[in-house]
Amino acid sequence: MIFDAATIEMIQKGIWETLYMVGLSSAISYLIGIPLGIILVVTAKDGIRPIPLLQSILGVAINLLRAVPFIILLIMVLPLTEALVGTVVGSKAIVPPLVIAAAPYIARMVESSFKEVDAGVIEAAKSMGASTFQIVWKVLLPEARPSLLVGAAISITTILGYSAMAGFVGGGGLGAIAINYGYYRYELGLMLVTAAILVIIVQIIQEVMMKLSRATDRRIR
């Protein structure tokens, strides 16, 4: 395939759309996923404020959402997507299903990170009369920060993979280019280029998050 000006412009637009979808959906997913993860940890049987029933109900709901393959979820929530953004095609329409798919995943990642925090540190905070909010804000979040950043690298690259799949149902971005031009039109060169760009984006995300994780890890100072 000849990469003329129009093709290059299309790839540039695809990169922007991909970054838009992944960036916005990641931000919203974390705004939802972090509180959910905190609730899962705090209300667990051995948590700071045990509420086993709430923890069980929330855990089941999160597991159910995580169990649905993204491509099926994408189709299931089309009416909700249209109600929220007014369309079911393009990069804007992929954000709601990406958030629905990613927020439960992030909640579990956050829960896992918090569970890595030394129980002795939490008990020490309790003994000094710290409130639940203070323990979460001043103990759990700072102590779990390196693990949260590693989890963010995994979560964001997962969202990037989801965004690529959205090309099958009219989503935008690099995934749509790879599917519509590389797959359906048998343009192998274009498919390889889009795949390479996606790999580069993943590597950048991984490197940035891992460096931030190492910079905030008190154990290696």
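Is Y20 buried, exposed or partly exposed? Y20 is partly exposed, with a relative accessible area of 30%. The notes below start from the annotated spans and then return to this residue. The model is predicted.

1. **Annotated spans.** The unreviewed UniProt entry places the feature "transmembrane region" at residues 20-44, 56-78, 84-107, 148-168 and 188-209. For residues 20-44, the model gives 92% helix and 0% strand. The end C-alpha atoms of that span lie 36 Å apart. Residues 84-107 come out at 79% helix and 0% strand. Their end C-alpha atoms are 23 Å apart.

2. **Setting of W16 and Y20.** Both residues sit in helix α1 (residues 5-42). They are four residues apart, about one turn of the helix. W16 has 57% relative accessibility, so it counts as exposed, the cut-off being over 50%. Y20, at 30%, is partly exposed.

3. **F70 and Y162.** These two rings form a stacked aromatic pair.

4. F70 counts as buried because its relative accessibility is 5%, where buried means under 20%. Y162 is partly exposed, with a relative accessible area of 21%.

Conventions:
Residues numbered from 1 in each chain as written. Predicted model: local features only at pLDDT ≥ 70, side-chain atom pairs only at ≥ 80, totals over all residues. Heavy atoms only, no water. UniProt positions renumbered as here; feature names shortened; annotations may be inferred. Helix = DSSP H or I, 4+ residues; strand = E, 2+ residues; numbered from the N terminus. Buried < 20%, exposed > 50% of the residue type's maximum accessible area, 1.4 Å probe, protein only. Phe/Tyr/Trp six-rings, centres within 6.5 Å; stacked < 30°, edge-to-face > 60°.
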